[in-house]
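User: I'm new to reading protein models. Could you take me through this one, feature by feature?

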Amino acid sequence: MQYLLMIYRSEAELGKMDASDLQKMSADYGAFTQSIIQSGNFKAGDGLQPSTTATTVRVREGKILTTDGPFAETREQLGGYYLVEAKDLDAAIGIAARIPGAKSGSIEVRPIMIYK
């Protein structure tokens with residue numbers, strides 16, 4: 001079964017990190033990504049640009065409305081994701097717990113919808 005692991009973090013806290021901390025975090029993510037590629041769990045994944053680059057789209061009464069930035073003000077912002085293959089939710093949670101961002105942010109685990 002496939003699961004989307006959404007990585008939430010505080011962009012404000014990320015902005016306070018010095019260059020060596022950012023380099024270590026990048027190395028940690030690289031090592032994690034390589035480990036799930038090698039295990040066969042990796043399907044896709046990427047980091048996202050800051051939420052200030054987001055555009056929220058709504059359609060109301062047939063009109064397209066756009067708003068700069070994310071829909072909601074939150075303490076943590078969606079910073080990236082992994083799409084993984086896991087035998088069940090417990091296995092997906094185990095993978096999510098190894099994501100470096102889980103130590104300072106949160107990881108939302110969602111099963112992918114299966115259409116028949």
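## Reading the model

Analyst: Let's begin with burial: of the 116 residues in the protein, 24% are buried. Buried means under 20% relative accessible area, exposed means over 50%, and partly exposed is in between (1.4 Å probe, protein chains only). This is a predicted model, in which local features need pLDDT of at least 70 and side-chain atom pairs count only at pLDDT 80 or more, while totals for chains, interfaces and linings use all residues. Residues are numbered from 1 along each chain as its sequence is written, and side-chain values use heavy atoms, with hydrogens and water left out.

User: How many helices and strands does the protein have, and in what order do the elements run?

Analyst: Helices (H or I, at least four residues) and strands (E, at least two) are DSSP runs, numbered from the N terminus. Here you get three helices and six strands. Starting at the N terminus, the order is β-α-α-β-β-β-β-α-β. The C-alpha trace spans about 50 × 45 × 20 Å along its principal axes.

User: What share of the contacts join residues at least 24 apart in sequence?

Analyst: Contact means heavy atoms within 4.5 Å. Take the contacts between residues at least 6 apart in sequence: 74% of them join residues at least 24 apart.

User: What about N41: which side chain does N41 join in a polar contact?

Analyst: A polar contact is a pair of N or O atoms within 3.5 Å; within protein, one must be able to donate a hydrogen and the other to accept it, and residues adjacent in sequence count only if both atoms are side-chain atoms. The N41 side chain makes one with the side chain of S39, at 2.5 Å. N41 belongs to the loop between α2 and β2 (42-47), and at 18% relative accessibility N41 counts as buried. Beyond neighbours within four places in sequence, N41 is in contact with I36, L83, V84, E85, A86 and I95.

User: And Y29: which residues is Y29 in contact with?

Analyst: Leaving out neighbours within four places in sequence, they are I7, Y82, I99, P100 and G101. Y29 is in helix α2 and is buried, at 16% relative accessibility.

User: Now charges. How many salt bridges does the structure hold?

Analyst: Side chains of opposite charge can pair when their charged atoms come close. A salt bridge is a side-chain nitrogen of Lys or Arg within 4 Å of a carboxyl oxygen of Asp or Glu. This structure holds three:

- K16 pairs with E13 at 3.3 Å, N to O; K16 is exposed at 63% relative accessibility, whereas E13 is partly exposed at 46%.
- D28 pairs with K24 at 2.9 Å, N to O, and D28 is partly exposed, with a relative accessible area of 30%.
- R110 pairs with E108, with the closest N and O atoms 2.8 Å apart; R110 is partly exposed at 48%, and E108 is partly exposed at 26%.

User: Why are D28 and K24 separated by about one helical turn?

Analyst: Because they are four residues apart in helix α2.

User: Last one: which residues lie nearest the centre of the largest pocket?

Analyst: On a 1 Å grid over the protein atoms alone, a pocket is an open set of points where a 1.4 Å probe fits, with protein on both sides within 12 Å along at least five of seven lines; lining residues have an atom within 4 Å of a point. In the largest pocket, 14 residues form the lining, and M17, M25, P100, G101 and S104 lie nearest the centre. Two elements give two or more residues to that lining, α1 (11-15) and α2 (19-39), and α2 provides the largest share, five residues.
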